[in-house]
Amino acid sequence: MMKIPFSPPDITDAEIDEVVDTLQSGWITTGPKTKKFENMITKFCMSDRTVCLSSCTAALEMTLRVLGVKRGDEVIVPAYTYTATASAVCHVGATPILIDCMPKSVQMDYEKLPYLITSKTKVIIPVDIGGVPCDYDKIFEVAEKQRSLFVPSGPLQEAFGRVIVLADAAHSIGAKRSLQRTGALADFTAFSFHAVKNLTTGEGGAVTWKKHPGIDSDSLYQQYMLLSLHGQSKDALAKTQLGAWEYDIIGTYFKCNMTDITAAIGIAQLQRLPEMLKRRKKIVDFYNRELANQSVSVLQHYSEKEKWLSSCHLYLVKLLWQDEEYRNSVIEKMASYGVATNVHYKPLPMFTAYQRMGYRIDDFPNAFEMYKNEITLPLYSKMTDDQAQYVMESFKRATRE
């Protein structure tokens, strides 16, 4: 019996060598490697600027803080996502306004979106589930049409003059829509580099943004630096200059900077990312062929003529006409065969924290329909052809018994 993990990291000598180089350099916290990684991400995504942080959650939260989102404000968040998307909103004191999926889709219901925007709405956070980029054209169209409702608070919000789009692209680095990569599709984009992601630094994340009239990117970058390192006017690298110890504390802020050790892993990973994405797509194509005649529907990772192309982060399968009990039994059988699986996602209104906010899953029927019979199969760039074949054989056996 094979043992198939769900999503192990793809680490090679390239990552190890970068980390060793960092350790031997004598500089292991935020420094030259972190700045290099930021510049590499900016170039890869074709964005205006990048800030590397300790997690995607930190990237979401610090962006909301930079934008001046606060208590009394509202942020629209999909009900079908991981809690980090909404918890970042709660961290700044704002209210997450949950939106249901479209029927038979993991993406938010774009038709319902205009009706959730009020004078309190400051930000929309779409989520690129599984690595498939959302339809940002539709989201921006809604934001533009609802300009008259927008009440800006602070200079950044005034510069946009509409609800701001902050993408939760935790799954989608390397994905494309209309020839643009994630990182340059939304106003701001938050990435995750957690251990299970396509590009990992162990723990870590980043935020990128597009150039926007009236916004000084250098000033914006500095705001992130202040927020992520205790409000300190100089980072550790700047303070190492001879005689340059003096600094100021601008505000009593937070501590969520990326270190050079983690950035070193990211540098090697980003150089290898095209190769890793190519392997993921090959496995997705194989799974698609194997499941073509099964009683399932799968998340589509690319469209005709590649109008959009996923990063192939997760392989979501719906067991048609089945319920939670059946799905859970398949998960248990797969585990007995040595194959790790998962569920993406249990909708937020099914959790105690969101029920305490007044949310009920009955109000999000499409999200529940997506969840109740969904199973996520292993998908990672180190997966061999034999392992992929074993996953398919195990899945067919589990759904047949």
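1. What share of the contacts in the protein with a separation of 6 or more is accounted for by residues 24 or more positions apart? Such residues account for 71% of these contacts, where contact means heavy atoms within 4.5 Å.

2. The model is a predicted one, in which local features need pLDDT of at least 70 and side-chain atom pairs count only at pLDDT 80 or more, while totals for chains, interfaces and linings use all residues. Residues are numbered from 1 along each chain as its sequence is written, and side-chain values use heavy atoms, with hydrogens and water left out.

3. The protein has 14 helices and 13 strands, both being DSSP runs numbered from the N terminus (helices H or I of at least four residues, strands E of at least two). Its radius of gyration is 21 Å, close to the 21 Å that the globule rule gives for 401 residues, so the protein is as compact as a globular protein of that length; the radius is taken over C-alpha atoms, and the rule is 2.2 Å times the number of residues to the power 0.38.

4. Of the 401 residues, 57% are buried, a term that stands for under 20% relative accessible area, with exposed meaning over 50% and partly exposed in between (1.4 Å probe, protein chains only).

5. Strand E9 (residues 205–209) has five of its five residues buried, so it is largely enclosed by the rest of the structure. Gly205, Val207 and Trp209 point one way from E9, whereas Ala206 and Thr208 point the other way. Strand E1 (residues 49–53) runs antiparallel to E9 and is joined to it by five bridges, and strand E8 (residues 188–192), also antiparallel to E9, is joined to it by five bridges; strands count as paired if DSSP finds at least two bridges between them. Val207 in E9 is the bridge partner of Val51, while Ala206 in E9 stands opposite Phe191.

6. Gln387 lies in helix H14 (residues 385–400) and is buried, with a relative accessible area of 18%. Although Gln387 and Met2 are 385 residues apart along the chain, their C-alpha atoms are separated by 7.6 Å. Leaving aside neighbours within four places in sequence, Gln387 is in contact with Met2, Ile4, Tyr380 and Lys382.

7. Ile11, in the segment before helix H1 (13–25), counts as partly exposed at 37% relative accessibility.
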